Amino acid sequence: SLPIVKIKKSVIANGINILDLVLQTKLANSKGEIRRMIKNNGLRINNEVITDETKIIDQSNFDENNNMKVSHGKKQHVIVKII
């Protein structure tokens with residue numbers, strides 16, 4: 001029962017920068033904060049540590065149900081769902 005953030009299919013079709021995506025999940029309040037999370041290996045997508053702040057998220061990052069798990073640390077998790 002994780003919180004769900006919905007995102008439009010058109011946004012994902014073009015690819016979205018990891019910083020912009022995490023801002024929409026409200027796991028962080030600024031791009032600088034997200035960059036620090038990445039630098040400290042604190043940001044994961046589908047349990048995989050993100051090390052590149054220029055990473056582009058697209059359809060390939062989502063599972064067959066159009067879901068993707070974004071995590072910060074041990075306790076903050078959000079499901080991003082394509083609508």
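Analyst: Start with the core. This is a predicted model. Its largest nonpolar core has 23 residues. Those with the most contacts inside it are I18, L21, V22, L43, I57, M68 and V70.

User: Which elements supply at least two residues of this core each?

Analyst: β1, α2, α3 (31–39), β3, β6 and β7 do. With four residues, α2 gives the most to this core.

User: What is V22 in contact with, leaving aside its neighbours within four places in sequence?

Analyst: L27, A28, I34, M37, L43 and V70. Contact here requires heavy atoms within 4.5 Å.

User: Which residues of α2 are buried, and what puts them on the same side of the helix?

Analyst: I18, L19, L21, V22 and T25 are buried in α2. They cover an arc of only 160° around the axis, so they sit on the same side of α2. In general, an α-helix has 3.6 residues a turn, so residues three or four places apart point the same way.

User: Where does α2 lie relative to the strands?

Analyst: Helix α2 (residues 18–25) lies across β1, β3 (43–45), β6 (67–72) and β7. The helix runs at about 130° to β1.

User: What is found at the start of α2, and what just after it?

Analyst: At the start, a side-chain oxygen of N17 reaches to within 2.7 Å of the backbone nitrogen of L19. The cut-off for a polar contact is 3.5 Å. Just after α2, K26 takes a positive phi of about 65°.

User: Why are β1 and β4 said to stand at the edges of the sheet?

Analyst: The open sheet has five strands in the order β1-β7-β6-β3-β4, with mixed pairing. β1 (4–7) and β4 (48–49) each have a single partner strand, so one side of each is left without a neighbour in the sheet.

User: How do you know that β1 and β7 pair?

Analyst: Pairing needs at least two bridges. β1 and β7 (residues 76–82) have four, in the parallel sense, so they qualify as paired. V5 stands opposite V80 in β7.

User: Why does N61 count as buried?

Analyst: The cut-off for buried is under 20% relative accessible area. N61 has 16% relative accessibility, so it counts as buried. N61 lies in the loop between β5 (56–57) and β6. Not counting residues up to four places away in sequence, N61 touches N46, K55, I56 and M68.

Methods: Residues numbered from 1 in each chain as written. Predicted model: local features only at pLDDT ≥ 70, side-chain atom pairs only at ≥ 80, totals over all residues. Heavy atoms only, no water. Axes fitted to C-alpha atoms, helices over the stretch in contact; angles between N-to-C directions. Core = buried A, V, L, I, M, F, W, Y, C linked by side-chain atoms within 4.5 Å. Buried < 20%, exposed > 50% of the residue type's maximum accessible area, 1.4 Å probe, protein only. Arc of directions from axis to C-beta. Polar contact = N/O pair within 3.5 Å; in protein donor to acceptor, adjacent residues only side chain to side chain.
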